[in-house]
Amino acid sequence: MSDYMTIYLAGAMTGKTLEEMNKWRKDVTRAIELSPDFRRMVRVINPVLYYSTADDPQKYDDDKEYIRWEWREAENADVVISACDTKINSIGTAIETALAFKKNVPIVLYITNKDGYVCDVHPYLYYMADNLFYHNEIDEMVKYIARYFS
């Protein structure tokens, strides 16, 4: 067991502003950083900090580099928090979640929308998840991750 655990934040990026991509990720990261419940140090991987066309559209020659980086980070994480915020789930989020699941990485679904509807989580994502939490349950989600996986 490593001295630290890695939590990868999978969630939609395509078609979103930098603020939209980062809002839930910043909220979750802050809750993790403030939590006294983890038994070891936590490293949160926010892929938006690695790649964003909103910051620098010329940063990469093509999408392959950052997509493969995201896949590797998800596969090698100790836990993946997979966010769903729309009625149509992100294909990238689904692939990252499936790759992590195949490597036996625990998956926690996080429903980030606040629009009054229950996100239509695809059954594949739902059945890969160890648990599911809603936008107003960040603290409960963090406690769950700390209790069962840290």
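Within the protein, 72% of the contacts with a separation of 6 or more are accounted for by residues 24 or more positions apart, contact meaning heavy atoms within 4.5 Å. The structure is a predicted model, in which local features need pLDDT of at least 70 and side-chain atom pairs count only at pLDDT 80 or more, whereas totals for chains, interfaces and linings use all residues. Residues are numbered from 1 along each chain as its sequence is written, and side-chain values use heavy atoms, with hydrogens and water left out.

Six helices and five strands are present in the protein; helices (H or I, at least four residues) and strands (E, at least two) are DSSP runs, numbered from the N terminus. Along the sequence, these elements follow the pattern β-α-β-α-α-β-α-β-α-β-α. Of the 150 residues in the protein, 43% are buried, where buried means under 20% relative accessible area, exposed over 50%, and partly exposed in between (1.4 Å probe, protein chains only).

Strand 1 is mostly covered, with six of its seven residues buried. Strand 1 (residues 4-10) and strand 2 (residues 41-45) run parallel and are joined by five bridges; two strands pair if DSSP finds at least two bridges between them. Tyr4 has Met41 in strand 2 as its bridge partner, and Met5 stands opposite Val42 in strand 2. Between strand 1 and strand 2 the chain passes through helix 1 (residues 18-34), forming a right-handed β-α-β crossover. A crossover is right-handed if, with the strands pointing away from the viewer, the path from the first strand over the helix to the second runs clockwise. Strand 1 also runs parallel to strand 3 (residues 79-84), to which four bridges join it. The bridge partner of Ile7 in strand 3 is Val79.

Two helix pairs were examined. Packed helices are described by the angle between their axes and the distance between the axes. Axes are lines fitted to C-alpha atoms, for helices over the stretch in contact, and angles run from 0 to 180 degrees between N-to-C directions. Helix 1 packs with helix 6 at an angle of about 55°, the axes being 10 Å apart. Helix 1 is therefore oblique to helix 6; angles under 35 degrees count as roughly parallel, over 145 as roughly antiparallel, 65 to 115 as roughly perpendicular and the rest as oblique. The crossing of helix 1 past helix 6 is right-handed. Asp27, Val28, Ala31 and Ile32 of helix 1 make the contact with Ile138, Asp139, Met141 and Val142 of helix 6. A crossing is left-handed if the near helix is turned anticlockwise from the far one by less than a right angle, and right-handed if clockwise.

In the second pair, the axes of helix 3 (residues 64-76) and helix 4 (residues 91-102) come within 8 Å and cross at roughly 40°. Helix 3 and helix 4 are therefore oblique to each other, and helix 3 passes helix 4 in a right-handed crossing. Glu70, Trp71, Ala74 and Glu75 in helix 3 meet Ile95, Glu96, Leu99 and Ala100 in helix 4.

Lys143 lies in helix 6 (residues 138-149). Lys143 counts as partly exposed because its relative accessibility is 43%.
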